[in-house]
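Q: I would like to learn how to read a few features from a set of coordinates. Can we go through them one at a time?

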Amino acid sequence: MSANTHMDVSPASLDETIAFLSNPASYPTPTQTVLPQETHMSWVFLTDTEVWKLKKPVCFPPLDFSTLEARRINCEAEIVLNHRLAPDVYLGTHALIRSDTGALALDGEGPAVEWLVRMRRLPEARMLDVVLSNGGPSEAEVDQVSSILTEFYRSQTGIDLPADTFVERYRRRHMNNRELITNFRHLLDWQRAETVMHMVERFLDERHTLLTARLASGRIVEGHGDLRAEHVCLTDPPRIIDCLEFDRDLRLVDPFEEITFLGLDCARLGAPWIAGRLYQNLTEGLGDVPPGALVDFYMGFHACTRTRIALRHLEDAEPKTPERWPVMAEAYMTAAWPAIERLSKSGGR
């Protein structure tokens, strides 16, 4: 890669870049087709065998992709971090350059006008969210995922943070959750949503020492940060992709927080048994049994977080599929309800 990021050059507009990357002739590996897909933060281009990810020039804290340099740094971080759980999937960072003729090209001689992440394309039918929609997965497949995650968490070093700072992270995030969820209260079963949020707040007020005890015992590690069903591919062995790269603070987690988050997502998709299976496997693999109230708190806290993220799409000037997001938000709250009932009956203990 010989792209120069410091030369004066006419930048590429997003429309020009998308048009170029939508052309099968643009890629170094021959492809018959290119399927562009837009997400909230990226454009993704699916060729016959690869995936090329273009980060949008957007800024909404804690994410800032507003400059070319920021997008380059985040592309490189995405490769490094995802090599931990899917080393053969993430193939590298590539420059989109402006040649001396003014044309766009992938790599080659010329200044970079954009940066992309290049990945090997995984079989869509084996993504966990798709498998769930077709009646799977098997217990053996969940056990394989558990094994990968157990080894990953064993390899991570415990993080040292001030206890007050650690708890305040949850308070701050939950305050953000409550603010946005309240703005869309008319779209939700408000009594249930309010109860979930109240129990999360009660836990943080009365039982936050359960969080700081995990920190003090070295159980907080740098994990994946966004462990959802759509990021797990049930190949042999499983690959776990799309680690959250843009904010390290969001990757600092209790392993049981991450697997509770994944279990919550699976429950939303109709398989609540997966949460218990993941928990059982991780307790055995790590030799660690966290307090039940803490695990229930994680379920409620992340239900609120995912509800906020779903409803946030409705703040866009022209939200895509606006009918989808309240349904998803409600599904997360519903999936967390058994954990919230346990917290309520036990007084958060």
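Q: Is Cys233 buried or exposed?

A: Buried means under 20% relative accessible area, exposed means over 50%, and partly exposed lies in between, with a 1.4 Å probe and protein chains only. Cys233 has a relative accessible area of 0%, so Cys233 is buried. Before going on, note that this is a predicted model, in which local features need pLDDT of at least 70 and side-chain atom pairs count only at pLDDT 80 or more, while totals for chains, interfaces and linings use all residues. Residues are numbered from 1 along each chain as its sequence is written, and side-chain values use heavy atoms, with hydrogens and water left out.

Q: How many disulfides are there?

A: A disulfide is a covalent bond between the sulfur atoms of two cysteines. The rule used here asks for a pair of cysteine sulfur atoms within 2.5 Å. The count is 0 disulfides.

Q: What does the chain look like as a whole, and how many helices and strands does it have?

A: Helices (H or I, at least four residues) and strands (E, at least two) are DSSP runs, numbered from the N terminus. The protein chain has 11 helices and 13 strands. Its C-alpha trace spans about 70 × 45 × 40 Å along the principal axes. The radius of gyration is taken over C-alpha atoms, and the globule rule is 2.2 Å times the number of residues to the power 0.38. For 349 residues a compact globule would have a value near 20 Å, and the protein chain agrees with 21 Å. Buried residues are 53% of the 349.

Q: What share of the contacts joins residues at least 24 apart?

A: Contact means heavy atoms within 4.5 Å. Of the contacts between residues at least 6 apart in sequence, 69% join residues at least 24 apart.

Q: Which residues of α6 are buried?

A: An α-helix has 3.6 residues a turn, so residues three or four places apart point the same way. In α6 the buried residues are Trp190, Ala193, Val196, Met197, Met199, Val200, Phe203 and Leu204. Their cover includes α5 (163–183), α7 (209–216), α10 and α11. Helix α6 (residues 190–206) has 17 residues and reaches 24 Å, close to the 24 Å expected.

Q: Where is Lys56, and what does its side chain meet?

A: Lys56 sits in the loop between β4 (50–55) and β5 (59–60). At 11% relative accessibility, Lys56 counts as buried. A polar contact is a pair of N or O atoms within 3.5 Å; within protein, one must be able to donate a hydrogen and the other to accept it, and residues adjacent in sequence count only if both atoms are side-chain atoms. A polar atom of the Lys56 side chain lies 2.7 Å from the backbone oxygen of Thr39. Not counting residues up to four places away in sequence, Lys56 touches several residues, including Trp43, Phe65 and Arg71.

Q: What joins the side chains of Glu141 and Arg126?

A: A polar contact of 2.6 Å joins them. Glu141 is in helix α4. Beyond residues up to four places away in sequence, Glu141 touches Arg126 and Leu234.

Conventions
Expected span 1.5 Å × (residues − 1).
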